[in-house]
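Biologist: Could you take me through this one? I would like to start with a strand and then move on to the pockets.

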Amino acid sequence: MNTFTKKPACLVVHGFGGTPFEVAPVAEALTASGYPVLMPTLPGHGTTVEDWSRTGWQDWLDSLSAEYRQLETQHGKVFVMGLSMGGSLCLALAQRFKPAGVVTIASPVYLYRFLPPEATDWRLPLTGLLHKFRPLWPSKPKTAESRRIAPWEGYEEHVALGPLGSFLTGLREVRRNLGKITAPLLGIHSPKDRHVPLANLWEITGKAGSSERQAVLLAIRENVTKHHLLTTHEETRDRVAQLCVSFADRWA
């Protein structure tokens, strides 16, 4: 007896150091459209920085893989969608499994590169070395105005360099294996994202093995935020949610 629901499930994934709060608008829109949604908290997130420091890429990917298998058993088809690192992890899932579709939102397959030279922070290539001297790197909290424009919840006062190094290693594997992805793919990015270079969007949509690939640019007018939190940003959150629902409707 087939017990699958009428619509595929959606696995919606938050980013590095964040919480499900940052992808809640997407999850809410999908739920309102009748899709079963799972919005997990990645291992080490949502608790303490010390917990975070003890986790890495493989922990996050293995946890999501287990969630994916359960959703597939219950619902048959599964969409994977994620913000930032969450989207990178969704690409990794699409290399392991056969999702109904993949949506990446401001997601990287690299954060720095040497040819051509590009980095959003000069310290990124030195993460492994810096980790030996200072495992927790201080970071500047968001301003009240930035938080109003693009709300966010997560670890703000420090970046755990162990998890960051593991993230960078995981991205290299994802980048090498983009051709293994065959599911329909939607990539969403802001042209002036100051956390994840725009070229990531072209690399993801250009090198994935998917026969159906779409790239969407969402311009942001303000100059207060980093133009990265597209899922909660007041200028883009509704459009991102709409794009995710339309993508699911098309490929369900």
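This is a predicted model: local features need pLDDT of at least 70, side-chain atom pairs count only at pLDDT 80 or more; totals for chains, interfaces and linings use all residues.

Biologist: Okay, strand 1 then: how many of its residues are buried?

Modeller: Strand 1 covers residues 9-13, and five of its five residues are buried. On one side these are A9, L11 and V13, while C10 and V12 sit on the other, so that both faces of the strand are covered by the definition of buried as under 20% relative accessible area.

Biologist: And which strand does strand 1 join through five bridges?

Modeller: That is strand 3, residues 78-83, which runs parallel to strand 1. Within strand 3, V80 is the bridge partner of L11.

Biologist: What about strand 2, how does that pair with strand 1, parallel or antiparallel?

Modeller: Strand 2, residues 37-38, pairs with strand 1 in the parallel sense, over two bridges. L11 comes up here as well, with L38 as its bridge partner in strand 2. Between strand 1 and strand 2 the chain passes through helix 1, residues 24-32, and this β-α-β crossover is right-handed.

Biologist: Switching to pockets: what volume does the largest pocket have?

Modeller: The volume of the largest pocket is about 1,300 Å³. Its lining is made up of 43 residues, and those that lie nearest the centre are S139, K142, V159, H195 and K226.

Biologist: Which elements give two or more residues to that lining?

Modeller: Those are helix 5 (127-133), strand 7 (136-138), strand 8 (158-160) and helix 7 (161-176). Helix 7 provides the largest share of the lining of the largest pocket, with three residues.

Biologist: How does that lining of the largest pocket split by class?

Modeller: By class, 21 of the lining residues of the largest pocket are nonpolar, 14 are polar and eight are charged.

Biologist: Now the second largest pocket, what is its volume and which residues line it?

Modeller: The second largest pocket has a volume of about 160 Å³. Its lining residues include W57, Q58 and L61, along with A92, Q95 and R96, and also G170, E173 and V174. At least two residues of this lining come from each of helix 3 (57-75), helix 4 (85-96) and helix 7.

Biologist: And by class, how many of each line the second largest pocket?

Modeller: For the second largest pocket, the lining has four nonpolar residues, four polar ones and three charged ones.

How values were computed. Residues are numbered from 1 along each chain as its sequence is written. Side-chain values use heavy atoms; hydrogens and water are left out. Buried means under 20% relative accessible area, exposed over 50%, partly exposed in between (1.4 Å probe, protein chains only). Helices (H or I, at least four residues) and strands (E, at least two) are DSSP runs, numbered from the N terminus. Two strands pair if DSSP finds at least two bridges between them. A crossover is right-handed if, with the strands pointing away from the viewer, the path from the first strand over the helix to the second runs clockwise. On a 1 Å grid over the protein atoms alone, a cavity is a set of points where a 1.4 Å probe fits but cannot get out, and a pocket is an open set with protein on both sides within 12 Å along at least five of seven lines; lining residues have an atom within 4 Å of a point. Grid points are joined across faces, edges and corners, and a volume is the space filled by probe spheres set on the points. Ala, Val, Leu, Ile, Met, Phe, Trp, Tyr, Cys and Pro count as nonpolar, Asp, Glu, Lys and Arg as charged, and the others, Gly among them, as polar.
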